[in-house]
Amino acid sequence: MNSADAAYVASLQARAQAFNGELFDNRVPLAKVRFLPSAAVRQLGSVRANADRSAFVVRIARLLDGPAGDADVQGSRFNLRDEVLVHELVHVEQFIIAPDEQPHGLWFRERMRAIGARPRACPTVQLEVRGRWLYRCPAGHEVARLRRYGRRRVSCRRCDPRAYNAKHRLRLVGEITSAGGAE
Ligand SMILES: [Zn+2]
Ligand SMILES: [Zn+2]
């Protein structure tokens, strides 16, 4: 894991810990949850449990570490960055205390509503801005742009705030769409 990813994972862990106290009465067994960054631009978050529900892997899109994470989420008091994390934490909570309920069923929606998060759809459908272009620097920083840079060479401002530095060149990853998805 490169240093940008390690920093991202540390920030996910810190926010998960804060949410666990504020929203979950510390019921989420964070010691058993491994957070991993994902390169996904459609499925912003996912969670997997092992067979006996003693270990979990939560993947959260790197995309949310950038400006896309600041977006408001309709029907939620959280921005997209926090909404996706809370969504996955509710899944983990459900694995522990309501494992027989449907993954996005009544129990899940009720919990999301009580927390002030969007009760129904997965966070994947929240990214409603079309035509955004995702760029990434060699350190893993990602930048979402409304317009493509085209042939312009642009470097990562977080790695080097100067005008252009070839070492930190941003490369096009893909186009972000609002396509829905599961989990
Ligand atoms: Zn960078
Ligand atoms: Zn889900």
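User: How should I read the pLDDT of this chain, and what does the chain average?

Analyst: The pLDDT is the predictor's confidence in each residue, on a scale from 0 to 100, and in this predicted model the chain averages 84, with 87% of the residues scoring at least 70. Because this is a predicted model, local features need a pLDDT of at least 70 and side-chain atom pairs count only at pLDDT 80 or more, while totals for chains, interfaces and linings use all residues. Residues are numbered from 1 along each chain as its sequence is written, and chains are lettered from A and ligands numbered from 1 in the order in which they are written.

User: Over which residues does pLDDT stay under 50?

Analyst: Where pLDDT is low, the predicted coordinates should not be read in detail. Here the pLDDT stays under 50 over residues 125-131, a stretch for which the model has 13 contacts beyond four places in sequence, a contact being two residues whose C-beta atoms, placed from the backbone, lie within 7 Å. The pLDDT is also below 50 over residues 178-183, which have 16 contacts in the model beyond near neighbours in sequence.

User: How many helices and strands are there in the chain, and in what order do the elements run?

Analyst: Helices (H or I, at least four residues) and strands (E, at least two) are DSSP runs, numbered from the N terminus. This chain has three helices and six strands, and from the N terminus on they run α-β-β-β-α-α-β-β-β. Among these elements, helix 3 (residues 106-115) has the highest mean pLDDT, 95, whereas strand 6 (residues 171-176) has the lowest, 72.

User: What share of the residues count as buried?

Analyst: A residue is buried if 20 or more other C-beta atoms lie within 10 Å of its own, exposed if 12 or fewer, and partly exposed in between, with C-beta atoms placed from the backbone. Of the 183 residues of the chain, 34% count as buried.

User: How do helix 1 and helix 2 cross?

Analyst: Axes are lines fitted to C-alpha atoms, for helices over the stretch in contact, and angles run from 0 to 180 degrees between N-to-C directions. The axes of helix 1 and helix 2 come within 11 Å and cross at roughly 65 degrees. A crossing is left-handed if the near helix is turned anticlockwise from the far one by less than a right angle, and right-handed if clockwise; the crossing of these two helices is right-handed. Where they meet, helix 1 contributes Leu12, Arg15, Ala16, Phe19 and Leu23, and helix 2 contributes Leu85, Val86 and Leu89. Leaving out residues up to four places away in sequence, Leu89 touches Ala16, Phe19, Phe24 and Val28.

User: Is Leu12 buried or exposed, and which residues is it in contact with?

Analyst: Leu12, in helix 1, is buried because 21 other C-beta atoms lie within 10 Å. Apart from neighbours within four places in sequence, Leu12 is in contact with Phe35, Ile60 and Leu85.

User: What is Ala4 in contact with, beyond its neighbours in sequence?

Analyst: Ala4 also lies in helix 1, and it counts as buried because it has 21 C-beta neighbours inside 10 Å. Leaving aside neighbours within four places in sequence, Ala4 is in contact with Ala139, Gly140 and His141. The C-alpha atoms of Ala4 and Gly140 are separated by 6.0 Å, although these residues are 136 apart along the chain.

User: What is the phi of Asn26, and what is that of Arg53?

Analyst: Asn26 is not a glycine, yet it has a positive phi of about 55 degrees. Asn26 sits in the loop between helix 1 and strand 1 and is exposed, with 11 other C-beta atoms within 10 Å. Arg53, which is also a residue other than glycine, has a positive phi near 55 degrees. Arg53 is found in the loop between strand 2 (45-49) and strand 3 and counts as partly exposed, with 13 C-beta neighbours inside 10 Å.
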